[in-house]
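Thanks for coming, everyone. I will take you through one structure, piece by piece. Have a look at it before I start.

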Amino acid sequence: MSYEFIEYPDRDMLAIDLANQLATDLEEALLHEDRVAMAVPGGTSPGSVFDDLCNADLDWTRVDVMLSDERWLPEDHERSNTRLLRQRLLVERAAKANLLPMYAPKPTPEEVLPELESMIAPELPLAVVLLGMGEDMHTASIFPEADRLEDALSPKAPILLPMRAPGAPEPRITLSARVLDGALRKHVLIFGAGKRAALEKAKGLSPVEAPINAVLNGAKVHWAE
């Protein structure tokens with residue numbers, strides 16, 4: 001397994017450069033496809049990247065945007081990743097992009113998985129994926145010790161899986177490792193010494209121990225303190 005590690009002098013420089021790389025990846029994909037799909041993480045880390053990417057000069061009407069994973073919460077909830085996406089990425093020029101939902105108003109994700117998958121399937125493979133990583137070496141909602149971890153890592157995994165993990169206060173829904181790793185361009189965004197140490201720790205571990213290893217091969221890892 002090999003990946004490219006890119007270190008930046010600060011987070012602002014990382015955000016600008018990574019946004020430019022994502023825009024270039026999308027633009028190149030649009031030269032060959034009528035529509036392209038991009039998956040991005042939630043959380044606070046990608047916000048500054050979204051602030052730059054949303055102004056990229058490309059044909060956003062042909063771009064489908066989705067989350068790599070989502071908390072099973074209404075969109076107006078403060079912990080909703082979709083809420084963040086609408087506030088930080090799907091604005092300015094990128095407001096013309098099409099959002100593929102990762103939530104529906106049902107009590108559990110299992111009730112609507114086929115419906116959500118049916119909207120994503122025609123857009124695969126992903127042209128671009130941007131992922132984060134936790135200090136426990138999880139990515140998307142593929143957590144060590146999650147209830148469906150082995151299913152999410154299987155080469156025969158479905159597109160989406162519901163996930164429940166220790167420490168996660170609500171159910172999650174996540175793209176499987178197969179779908180994430182199948183993206184034509186893969187980027188991983190991490191900040192801080194703790195996550196850099198976790199990336200080093202992941203070397204030589206199995207994806208069950210370090211789920212990030214299921215998607216790292218051929219990826220670009222972008223890091224700043």
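First, a term. Buried means under 20% relative accessible area, exposed means over 50%, and partly exposed is in between, with a 1.4 Å probe and protein chains only. By that rule Val221 is buried, at a relative accessible area of 0%.

A word on what you are looking at. This is a predicted model, where local features need pLDDT of at least 70, side-chain atom pairs count only at pLDDT 80 or more, and totals for chains, interfaces and linings use all residues. Residues are numbered from 1 along each chain as its sequence is written, and side-chain values use heavy atoms, with hydrogens and water left out.

Back to Val221. Val221 belongs to strand β10, residues 220-224. Helices (H or I, at least four residues) and strands (E, at least two) are DSSP runs, numbered from the N terminus. What does Val221 contact, leaving aside its neighbours within four places in sequence? Contact here means heavy atoms within 4.5 Å. The partners are Tyr3, Glu4, Phe5, Ile6, Val188, Ile190, Leu199 and Leu216. Glu7 is 214 residues apart from Val221 along the chain, yet their C-alpha atoms are separated by 8.4 Å.

Arg196 lies over its face, 4.6 Å from the ring centre. The cut-off for a charge over a ring is NZ of Lys or CZ of Arg within 6 Å of the ring centre and within 35 degrees of the ring normal.

Next, helix α3, residues 81-88. Which of its residues are buried? Asn81, Thr82, Leu84 and Leu85. They sit on the same side of α3, because they cover an arc of only 160° around the axis. That arc is taken from the directions from the helix axis to the C-beta atoms.

The side chains of Asn81 and Arg71 make a polar contact of 3.4 Å. A polar contact is a pair of N or O atoms within 3.5 Å; within protein, one must be able to donate a hydrogen and the other to accept it, and residues adjacent in sequence count only if both atoms are side-chain atoms. Beyond four places in sequence, Asn81 touches Gly42, Gly43, Leu67, Asp69, Glu70 and Arg71. At the start of α3, a side-chain oxygen of Ser80 comes within 3.2 Å of the backbone nitrogen of Thr82.

Now the core. A nonpolar core is a set of buried Ala, Val, Leu, Ile, Met, Phe, Trp, Tyr and Cys residues joined through side-chain atoms within 4.5 Å. The largest one has 82 residues, and Trp60, Leu89 and Leu175 have the most contacts inside it. Helix α1, residues 11-30, gives the most to this core: 9 residues.

Last, the backbone. Leu124 and Pro125 are joined by a cis peptide bond, with omega about 0°. Pro125 is in the loop between α4 (113-120) and β6 (128-131). Glu92 is not a glycine, but has a positive phi of about 50°. Glu92 lies in the loop between α3 and β5, and is exposed at 54% relative accessibility. Glu145 also has a positive phi, near 75°. Its loop runs between β6 and α5 (149-153), and Glu145 is exposed at 65%.
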